[in-house]
Amino acid sequence: MNKIWRLMPNEFYEYLNSWKYILIDFRTPEEKIYYWYIENTDLFIDVYRKDIVEKILSLDKNKSYLIYCFHWNRTQWVLDFMEKNWFKEVYDLIWWIEYRENYNHKLLKD
């Protein structure tokens, strides 16, 4: 059974601290610079890339992922796509703004 779900910021933070997930930022490079990013993010994938489908399908479906974007509307599509393509475990952060405000000590800027 696949585990595909959306998490509130406090739950996401707990999952993130378990260190068993690959963390993926699905925002644009500009958003990453302007709004910072979550510490220990493993991959940065611009959701507007022409090869986004290939990028996602190149990931190991048996690994566990935490994903996020700015408003979670883009990762809604990503989450649905990953579920339809049999990814084992994927969790999406909803309310990035709340995460940013309450867990600011875990954010980085290039």
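Guide: Let us take helix H1, residues 9-16, whose buried residues are Pro9, Phe12, Tyr13 and Leu16; buried stands for a relative accessible area under 20%, exposed for over 50%, and partly exposed for what lies in between, with a 1.4 Å probe and protein chains only. These residues sit on the same side of H1, because they cover an arc of only 100 degrees around the axis, where the arc is that of the directions from the helix axis to the C-beta atoms. In general, an α-helix has 3.6 residues a turn, so residues three or four places apart point the same way. The elements named here are DSSP runs numbered from the N terminus, helices being H or I over at least four residues and strands being E over at least two.

Before going further, note that this is a predicted model, in which local features need pLDDT of at least 70 and side-chain atom pairs count only at pLDDT 80 or more, while totals for chains, interfaces and linings use all residues. Residues are numbered from 1 along each chain as its sequence is written, and side-chain values use heavy atoms, with hydrogens and water left out.

The structure holds six aromatic pairs, counted where the rings of Phe, Tyr and Trp (its six-membered ring) have centres within 6.5 Å, with planes under 30 degrees apart taken as stacked, over 60 as edge-to-face and the rest as tilted. One of them joins tyrosine 15 and tyrosine 91, and it is edge-to-face because the ring centres are 4.8 Å apart and the planes stand at 65 degrees. This pair links distant parts of the chain, since tyrosine 15 belongs to helix H1 and tyrosine 91 to strand S6, 76 residues apart. Tyrosine 15 is partly exposed at a relative accessible area of 27%, whereas tyrosine 91 counts as buried at 7%. Ring pairs also bring in Tyr21, so that Tyr15, Tyr21 and Tyr91 are linked into a cluster.

Tryptophan 19 lies between H1 and strand S2 (22-25), and it has a positive phi of about 65 degrees although it is not a glycine. By way of background, most residues other than glycine have a negative phi. The side chain context is open, as tryptophan 19 is exposed with a relative accessible area of 63%. A counterpart in the loop between H4 and S6 is tryptophan 86, where phi is again positive, near 65 degrees, in a residue other than glycine; tryptophan 86 counts as exposed at 66% relative accessibility.

Leaving aside neighbours within four places in sequence, phenylalanine 87 is in contact with Asn2, Ile4, Ile56, Leu59, Asp60, Lys61, Tyr65 and Met82, contact meaning heavy atoms within 4.5 Å. The C-alpha atoms of phenylalanine 87 and lysine 61 are separated by 4.3 Å, although the two residues are 26 places apart along the chain.

Strand S6 leads on to the sheet itself. Five strands form an open, parallel sheet in the order S1-S6-S5-S2-S4, two strands being paired if DSSP finds at least two bridges between them. Strand S1 (3-7) and strand S4 (43-44) are the edge strands, each pairing on one side only. Strand S5 (residues 64-68) pairs with strand S6 (residues 89-93) in the parallel sense over four bridges, and the bridge partner of serine 64 in S6 is glutamate 89. Helix H4 (residues 73-84) lies across S1, S5 and S6 and runs at about 165 degrees to S1; axes are lines fitted to C-alpha atoms, for helices over the stretch in contact, and angles run from 0 to 180 degrees between N-to-C directions.

Strand S2 also contains aspartate 25, which is buried with a relative accessible area of 1%. Apart from neighbours within four places in sequence, aspartate 25 is in contact with Tyr37, Thr41, Leu43, Phe44, Ile45 and Tyr68.
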